[in-house]
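Notebook open, structure loaded. I'm jotting down what I look up as I go.

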Amino acid sequence: MAFDAFYLSAVLGEIRDLSEPRVEKIHQPARDTVILQLRHREGRCKLLFAMNPTAPRLHLTAANPENPPEPPMFCMLLRKHLSGGRLIEISQPPMERCAVFTFECMDEMGDLVQRKLIAELMGRTCNLYLLSPEGRIIDCLRRIGLDESAKRQALPGLYYQDPEPVTKKNPLELTEECYVNLFSEPGADLLADRLMDNLGGLSPLVCREAALYAAGDVDARLENGNITEISGKIAEFFKENLEDPAPYYYSQNGTPKQFAFCPIRQYGDCARAETFSGLLDMFYTVRDRNDAMRQKSQSVRKTVQNACTRLTRKIAIQEKELTATYDRERLRQLGDILTANLHKIVKGQTVVQVEDFYDEDMKTIEVPLSPLLSPQQNAAKFYKDYTRMKNAEKELTRQIELAGSELEYLKSVLDELSRADSDQALEEIKQELQAGGYLRADTGKKRVKTGKLPPLRFESTDGFPIFVGRNNRQNEELTFKSARKDDIWLHASKVHGSHVIIACAGQSVPDDTVTQAAQLAAHYAETAGGQNIPVDVTPVRQVKKIPNGKPGMVIYHTYKTVIVNPYPDIVVDELNAEKK
């Protein structure tokens with residue numbers, strides 16, 4: 001991700017476009033998050049300051065986080081000094097992830113004064129300062145005492161100290177000749193590293209993009225023969241993207257991975273958002289939601305993974321035992337040999353030497369005996385062991401098949417957990433596992449009744465409804481209860497994934513609709529993110545439930561297979577006309 005100084009500059013440009021904004025409300029939903037609700041001529045908006053050291057940022061947001069019952073002291077202080085204040089100026093130190101908001105407010109005497117809210121977004125040292133008209137710190141989000149090992153102290157009453165100025169070069173001020181001189185000097189061999197070491201306000205991601213644009217490779221090296229050509233392209237890249245930035249992002253498996261103020265080509269195709277703030281809002285909302293769901297599903301996931309581990313170990317042991325049964329024919333032969341040589345055996349012997357008439361050369365072999373058994377009982381023991389292994393082969397084969405089916409079911413549950421995007425979806429998966437005996441039913445808790453989660457509903461470009469199951473139980477209900485026998489059923493071939501239904505009621509379905517439904521089946525399967533994914537297509541009447549099988553487990557024999565690529569996330573959103 002690239003929330004660097006130039007991306008911040010683009011975000012501040014969007015905030016400057018607000019017409020005469022005033023502070024209407026102030027909230028602090030979390031310890032390191034402050035939200036100012038602004039009223040302007042066009043309406044209302046919310047300005048978010050996130051001072052989390054792992055992902056500091058500020059931008060306009062549409063999120064509505066829940067506020068604590070009692071506002072923190074810093075929130076109360078901001079309300080006291082900034083409520084009703086008018087935002088009159090926004091500034092940014094050159095090439096620095098720092099923003100200064102100047103508000104015109106009323107003091108205790110009713111006089112107009114200017115107070116500043118300074119957001120420093122520099123990683124571990126990120127902080128939010130409220131300054132008096134004289135430049136003293138009224139208070140800050142994180143206080144830094146005099147005895148702490150820090151270059152700057154942050155305590156109420158102290159004068160605010162500006163961050164140390166960036167000493168690197170400003171890419172907005174460099175010409176092609178400047179880059180030629182820069183690349184001719186000693187330094188890092190990699191072009192991206194040289195840019196990162198000498199230019200300020202840029203993230204490593206943007207430096208790699210510049211290298212890819214100029215030399216065709218993010219790991220391009222500087223050589224004497226290519227400096228002039230590369231310098232021209234580098235100057236062109238920064239002139240184009242710094243003077244006219246645009247919000248781009250790259251996502252994978254439904255989760256945004258990177259964003260920047262320029263196209264992101266090093267990972268493949270990228271998408272463009274409408275606004276810089278909207279991109280940040282989407283990026284961190286999706287990331288935070290996925291992180292929250294991952295934490296909530298952690299205990300369930302661990303239980304399922306442990307069950308998968310036990311089944312895998314059990315199958316390995318049973319397969320080893322099954323392999324041992326393949327040599328049982330020799331036991332029957334030894335029984336025949338002993339039966340033919342009973343006259344040579346005396347009770348109490350531990351071994352007997354006899355001719356092996358099953359061998360072409362009639363070699364003499366030694367057959368082990370039990371001294372406690374009679375000759376007839378020794379021969380019968382070999383026949384008994386042969387019969388036992390013969391029966392064991394049948395039972396072990398059946399047990400391995402059952403365990404394999406159960407393992408595949410649990411793997412499909414893990415796939416469901418990876419796609420669960422809400423508490424209700426997670427609750428349905430837990431109920432499915434409780435019904436199967438893998439989880440204990442909740443006791444001592446009063447369960448809150450929630451509405452049944454419907455399947456995902458899309459609409460093809462030809463107007464056909466397409467339904468996608470969210471979990472195994474919903475897959476089963478969608479295929480065997482909701483769908484008509486003459487609807488079209490799709491599923492990613494030989495992998496875990498959602499059942500997809502084209503509701504066509506026997507009508508002829510255009511190829512474009514089948515392709516879109518197949519792309520959805522590939523998108524909502526464990527192969528999402530891959531390429532050239534096979535998807536099986538068949539009428540619903542051809543799909544049968546496995547007798548005594550787990551939820552969602554089906555068989556089908558008559559089908560066609562199409563090869564598709566999953567939808568990029570942005571295309572899925574455009575297609576999804578009625579997603580619930």
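I started at Leu190, which lies in the loop between helix H3 (176-184) and helix H4 (191-198); helices here are DSSP runs of H or I with at least four residues, strands are E runs of at least two, and both are numbered from the N terminus. Before going on, I noted that this is a predicted model, where local features need pLDDT of at least 70, side-chain atom pairs count only at pLDDT 80 or more, and totals for chains, interfaces and linings use all residues. Residues are numbered from 1 along each chain as its sequence is written, and side-chain values use heavy atoms, with hydrogens and water left out.

Is Leu190 buried or partly exposed? I have it as partly exposed, because its relative accessibility is 22% (buried is under 20% relative accessible area, exposed over 50%, partly exposed in between, with a 1.4 Å probe and protein chains only). Leaving out residues up to four places away in sequence, Leu190 touches Asp219, Ala220 and Arg221 (contact means heavy atoms within 4.5 Å). I also checked Leu222: it is 32 residues from Leu190 along the chain, and their C-alpha atoms are separated by 6.2 Å.

Gly549 is 32 residues from Ala517 in sequence, and C-alpha to C-alpha they are 26 Å apart in space. Gly549 has 23% relative accessibility, so I put it down as partly exposed.

Then Gln37, in strand E2 (residues 33-40). Gln37 counts as buried because its relative accessibility is 17%. Beyond four places in sequence, I found Gln37 touching Arg22, Val23, Glu24, Lys25, Arg44, Cys45 and Lys46.

On to helix packing. H9 (residues 329-340) and H10 (residues 375-419) pack at about 160 degrees, axes 8 Å apart; the axes are lines fitted to C-alpha atoms over the stretch in contact, and angles run from 0 to 180 degrees between N-to-C directions. I therefore wrote H9 and H10 down as roughly antiparallel (angles over 145 degrees). Their contact includes Leu334 and Leu338 of H9 and Phe382 and Tyr386 of H10.

Last, the cores. In the largest nonpolar core, of 81 residues, I got Ile15, Phe49, Leu58, Phe101 and Phe238 touching the most other members; a nonpolar core is a set of buried Ala, Val, Leu, Ile, Met, Phe, Trp, Tyr and Cys residues joined through side-chain atoms within 4.5 Å. Apart from that core lies another, of 26 residues, among them Ile315 and Leu453.

Conventions
Parallel < 35°, antiparallel > 145°, perpendicular 65-115°, else oblique.
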